[in-house]
Amino acid sequence: MNAELPHQIIAERLAAYLGPNTAQVAVRTFAGRACGCLPHELTRNDVPRLVEALRPMLRTLLGGDGAEELLQRVSEDFR
Amino acid sequence: MTASPPRPSAPPAWTPSRALGAALVASVLLAAIEWAAGADATAVRVATSLAVYLVAAAGAWAAAWAYRRGDHLRRAWALFGLDYLALACGRLFLSHDLLGLPAGPLAGWLLAAATVLSNAFGVWGMVLFASTWRRTGLPLPSSGRRLATVVVPLAVASLLAVGPDLLEMGARAARGDVVALSYALGDACDVAVFLLVVPVFLTARALAGGTLAWPFGLISASCLAWLLLDGGTALTGLAGSPSGVAAASLALLRNLGCLLLAAAAVAQRLAIRLRPR
């Protein structure tokens, strides 16, 4: 799948670690909490807030270093 | 604007499936060595037990050290490492005659202490693994009713597996046997671990398709091997002391319990060292 929309790009990044289903659940959950929107409504401007919201979850699973590296890569996808 | 999926920078020598394969092969080989050595080869049994306990401890610490200080799963893996180190110590104290130590109260107290510590570390580590999903802030992967359909049969199976030993050790503990008391506590801790494996398994299932599913899945498989070992020990105990194929089967389950945990640790290291591109 070639991701085009912000929520697809982020979910695809997360899927390598979390699996495709949980990656989508994570984007949906944290998009709702951090941006108050549905995944397909996410814009590039929402990405920094979503990245911040994903951080605690990723730190729990990947540890501090792994989470920061992945989130940095997500941020770079939108530069 | 496209994102290619993260890939490791170079093909790793170890993959989770290779670690699983190595654990299965080594478990069978070591059990076959014990079987070939016969019932009287206590030294071989002690050596293989120590080998698998220490491999599991080393693997768990290797996984812990892949995390940063303060990370949730670093503590969980470090506790598993201590659990298996205490198991190895307990095995040594159980074989005090091989070590040239005199049989007596000291060997018994040391064995009891190692048993209690091992179980305490194991339950604590398992609590941390079981609480991982809740800490992520993601919605629960399973409903309460669905959980109950797994937990209730598992609780019954756990009690059936450890029940006979728990009753026997409880009776001996009531007569002042400190080692039996530690074993009875260990049986109770085993039931707790077998129940805690439910959220760990559900975490693995929720992460299916991702690299993080492997460690949680293999930890669940390791616990299943320990559950089967407890059940097998109870069954063979009914027919007297296990020997021949029965003893080799129990050794195989013990090896699987330890080496699947070591494979989980390898998978954990690989998962968190996967570098996004």
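Residues are numbered from 1 along each chain as its sequence is written, with chains lettered from A in the order in which they are written. Because the model is predicted, local features need pLDDT of at least 70 and side-chain atom pairs count only at pLDDT 80 or more, while totals for chains, interfaces and linings use all residues.

Student: How many residues does the contact take from chain B?
Tutor: Two residues are in contact if their C-beta atoms, placed from the backbone, lie within 7 Å. On that basis chain A gives 29 residues, and the number taken from chain B is 29 residues.

Student: Which residues have the most contacts inside the largest nonpolar core?
Tutor: A nonpolar core is a set of buried Ala, Val, Leu, Ile, Met, Phe, Trp, Tyr and Cys residues joined through C-beta atoms within 7 Å, and a residue is buried if 20 or more other C-beta atoms lie within 10 Å of its own, exposed if 12 or fewer, and partly exposed in between. The largest such core has 116 residues, and those with the most contacts inside it are Ala56(B) and Ala263(B).

Student: Is Ala43(B) buried or exposed?
Tutor: Ala43(B) is found in helix H2 (residues 42-65) of chain B, where helices are DSSP runs of H or I with at least four residues, numbered from the N terminus. Around Ala43(B) there are 11 other C-beta atoms within 10 Å, so this residue is exposed.

Student: Why are H2(A) and H3(A) called oblique to each other, and at what angle do they pack?
Tutor: Axes are lines fitted to C-alpha atoms, for helices over the stretch in contact, and angles run from 0 to 180 degrees between N-to-C directions. Angles under 35 degrees count as roughly parallel, over 145 as roughly antiparallel, 65 to 115 as roughly perpendicular and the rest as oblique. H2(A) and H3(A) are therefore oblique, with axes 9 Å apart and a packing angle of about 120 degrees.

Student: How are H7(B) and H8(B) placed relative to each other?
Tutor: The axes of helix H7 (residues 144-174) and helix H8 (residues 178-206) of chain B come within 8 Å and cross at roughly 175 degrees. That crossing makes H7(B), relative to H8(B), roughly antiparallel.

Student: How far apart in space are Ala43(B) and Ser95(B), C-alpha to C-alpha?
Tutor: Along the sequence, Ala43(B) and Ser95(B) are 52 residues apart. In space, their C-alpha to C-alpha separation is 8.8 Å.

Conventions:
Helix = DSSP H or I, 4+ residues; strand = E, 2+ residues; numbered from the N terminus.
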